[in-house]
Amino acid sequence: MKNYSALLVFAIALTCSTNSIASNGKEVNEKVIKSFKQTFPFAEKVDWQEFSDRYIVHFKDGDMLSVIDYDKEGNFLSSKRYYKEDNLPINILCRIRKKYSDKKIFGVTEVATENSIDYYVKIEDDQNWFTVKLDASGGMEVIEKYKKQL
């Protein structure tokens, strides 16, 4: 009976510490926590923000920094992920490499909603910074161009 009591105390402590890690001490709806934990069981540095109509969670998953918006019921609304070129889907990487073979990819911001995923790829050459927006349907356009200070 003594071992059973110790096991029960350990299980309760583990559950409490898991919830406090996931929510950083903030009161986050259990549906949202459950949805998040099922999708990102290895998330680190988790930080929640609560708004009147949604929750936003910032976290690190592997080598990606991510931000996800959930509604109050735990449904995905949108996300942003920040990463290097090696995490780009092959088709997107091939398209940008073909068009900008003489430039270096600096980083990627991926913006996803229920209906679309757009990739904002920051590239550079010796004189300029560019942001190229690509989408899954084949669209590609330069949306920013800045001269570097030399």
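Visitor: Which residues does Lys-103 touch, not counting residues up to four places away in sequence?

Guide: Lys-103 touches Arg-97, Ile-123, Glu-124, Asp-125 and Phe-130. Contact here means heavy atoms within 4.5 Å. Before we go on, this is a predicted model, where local features need pLDDT of at least 70 and side-chain atom pairs count only at pLDDT 80 or more, while totals for chains, interfaces and linings use all residues. Residues are numbered from 1 along each chain as its sequence is written, and side-chain values use heavy atoms, with hydrogens and water left out.

Visitor: Why is Lys-103 called buried?

Guide: Buried means under 20% relative accessible area, exposed means over 50%, and partly exposed is in between (1.4 Å probe, protein chains only). Lys-103 has a relative accessible area of 14%, so it counts as buried. You'll find Lys-103 in the loop between helix H3 (90-99) and strand S5 (104-113). Helices (H or I, at least four residues) and strands (E, at least two) are DSSP runs, numbered from the N terminus.

Visitor: What makes the pair Lys-103 and Asp-102 a polar contact?

Guide: The side chains of Lys-103 and Asp-102 are joined at 3.4 Å. A polar contact is a pair of N or O atoms within 3.5 Å; within protein, one must be able to donate a hydrogen and the other to accept it, and residues adjacent in sequence count only if both atoms are side-chain atoms. The contact joins side chains at 3.4 Å, so the pair qualifies.

Visitor: What about Lys-45, is it buried or exposed?

Guide: Exposed: Lys-45 has 70% relative accessibility, and the label needs over 50%. Lys-45 is found in strand S1 (residues 44-50). Its phi is positive, about 50°, although Lys-45 is not a glycine.

Visitor: How do you know that the buried residues of helix H2 are on the same side?

Guide: The buried residues of H2 (residues 30-39) are Val-32, Ile-33, Ser-35 and Phe-36. They cover an arc of only 165° around the axis, which puts them on the same side of H2. That arc is taken from the directions from the helix axis to the C-beta atoms. Turned away from that buried side is a face with the exposed residues Lys-34 and Gln-38. At the start of H2, a side-chain oxygen of Asn-29 comes within 2.7 Å of the backbone nitrogen of Lys-31.

Visitor: Why do you say that S6 and S7 pair?

Guide: Two strands pair if DSSP finds at least two bridges between them. Strands S6 (residues 117-124) and S7 (residues 128-135) have seven bridges in the antiparallel sense, so they pair. One example is Ile-123, whose bridge partner in S7 is Phe-130. A hairpin of three residues connects S6 to S7.

Visitor: How many bridges join S7 to S8?

Guide: Seven bridges join S7 to S8 (residues 140-147), and these strands run antiparallel. Asn-128 has Lys-147 as its bridge partner in S8. The S7 and S8 hairpin has four residues between the strands, and Gly-138 in the turn has a positive phi of about 105°.

Visitor: What makes a set of residues a nonpolar core?

Guide: A nonpolar core is a set of buried Ala, Val, Leu, Ile, Met, Phe, Trp, Tyr and Cys residues joined through side-chain atoms within 4.5 Å. The largest here has 15 residues, and those with the most contacts inside it are Leu-88, Ile-96, Tyr-119, Val-121, Ile-123 and Leu-134. H3, S5, S6 and S7 each give two or more residues to this core. A second, separate core of twelve residues includes Phe-36, Phe-40, Ile-68 and Tyr-70.

Visitor: Why is Ile-105 called buried?

Guide: Ile-105 has a relative accessible area of 7%, under the 20% limit, so it is buried. Ile-105 sits in strand S5. Beyond four places in sequence, Ile-105 touches Glu-85, Leu-93, Ile-96, Arg-97, Val-121, Lys-122 and Ile-123.

Visitor: And how many helices and strands does the chain have?

Guide: Three helices and eight strands. From the N terminus on, they run α-α-β-β-β-β-α-β-β-β-β. Of the 150 residues in the chain, 31% are buried.
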